[in-house]
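Hi,

Here is the structure I promised to pass on.

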Amino acid sequence: LSGNNSGHTGAKELASGYLVAKTLDSLGDTGSNTWKMTGVDAVLSAHEGTAEDLLARVHGDSVGTLALSGNSTSALDLSGHKGLFIGAEEGKVVHYGQSGASLDAVDGKWQFGGGGGELYVDFKLSGANNLVLGVSQTASGTVVLNNGANDFSGDITFSGKGLILKS
């Protein structure tokens, strides 16, 4: 998706498939109508702006993958987006977090995978929380737990066929 679509104020829905916006303005005016991702196979990414900027354009009831296109050292607040997974855009290697910081779980779990790229989770994962990898059977990509201090004690669930976990 490209061009300046900021004048579009209508509803925006991504039921399935992969939507990559060239710029955040390509996503349209999301002040009143954010993108609602309604299918677990929906993947949304943007080549401009921060991960926080992209998340702000997604409806809180969405399900699917928010695929990062660049490194992000800040933890995304997913407490209002409990159906989203963090992944990496296809063909990209993305680092999420920083080794000296911990990532809070949302409702006792972290959700990673999807998007087709390689996501390095640099945050420390700790506590009695679960790790869920892949939002659907079609989720793909690689998730690398890149922090040697990880000490979480919860379950690990794989849901994607093409998903790889490395540590």
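Which backbone oxygen does the side chain of Thr65 reach? The side chain gets to the backbone oxygen of Gly113, at 3.5 Å. For polar contacts I took pairs of N or O atoms within 3.5 Å; within protein, one must be able to donate a hydrogen and the other to accept it, and residues adjacent in sequence count only if both atoms are side-chain atoms.

Before the rest, the ground rules. This is a predicted model, where local features need pLDDT of at least 70 and side-chain atom pairs count only at pLDDT 80 or more, while totals for chains, interfaces and linings use all residues. Residues are numbered from 1 along each chain as its sequence is written, and side-chain values use heavy atoms, with hydrogens and water left out.

Back to Thr65, which is found in strand 5 (strands are DSSP E runs of at least two residues, helices H or I runs of at least four, numbered from the N terminus). Thr65 is buried, with a relative accessible area of 1%; buried means under 20%, exposed over 50% and partly exposed in between, with a 1.4 Å probe and protein chains only. Its contacts (heavy atoms within 4.5 Å) include Met37, Phe85, Gly113 and Val135, leaving aside residues up to four places away in sequence.

Glu89 is another buried one, at 6% relative accessible area, and it sits in the loop between strand 6 and strand 7. Among the residues Glu89 touches, with those up to four places away in sequence not counted, are Tyr18, His47, Ser69 and Gly117.

Lys12, in strand 1 (residues 12-14), may interest you. Lys12 is buried yet has no salt bridge, and the nearest side chain of opposite charge, Asp29, is 6.4 Å away. Here Lys and Arg count as positive and Asp and Glu as negative, with His and the chain ends not counted; a salt bridge needs a side-chain nitrogen of Lys or Arg within 4 Å of a carboxyl oxygen of Asp or Glu. A polar atom of the Lys12 side chain does lie 2.6 Å from the backbone oxygen of Gly10.

So where are the salt bridges? The structure holds two.

- Lys82 pairs with Asp107, the closest N and O atoms being 3.4 Å apart. This links distant parts of the chain, 25 residues apart: Lys82 is in the loop between strand 5 (63-68) and strand 6 (83-88), Asp107 in the loop between strand 7 (93-96) and strand 8. Lys82 is partly exposed at 44%, whereas Asp107 is exposed at 58%.
- Lys124 meets Asp151 at 3.9 Å, N to O. Lys124 lies in the loop between strand 9 (118-121) and strand 10 (126-127) and Asp151 in strand 13 (residues 151-152), so the pair ties together parts 27 residues apart in sequence. Both are partly exposed, Lys124 at 24% and Asp151 at 46%.

Last, the largest pocket has about 230 Å³ of space. Of the 17 residues lining it, Leu78, Asp104, Ala105, Val106 and Lys109 are the closest to its centre. Strand 8 (residues 109-112) gives the most to that lining, with four residues. A pocket here is an open set of points on a 1 Å grid over the protein atoms alone where a 1.4 Å probe fits, with protein on both sides within 12 Å along at least five of seven lines; lining residues have an atom within 4 Å of a point. Grid points are joined across faces, edges and corners, and the volume is the space filled by probe spheres set on them.

Cheers
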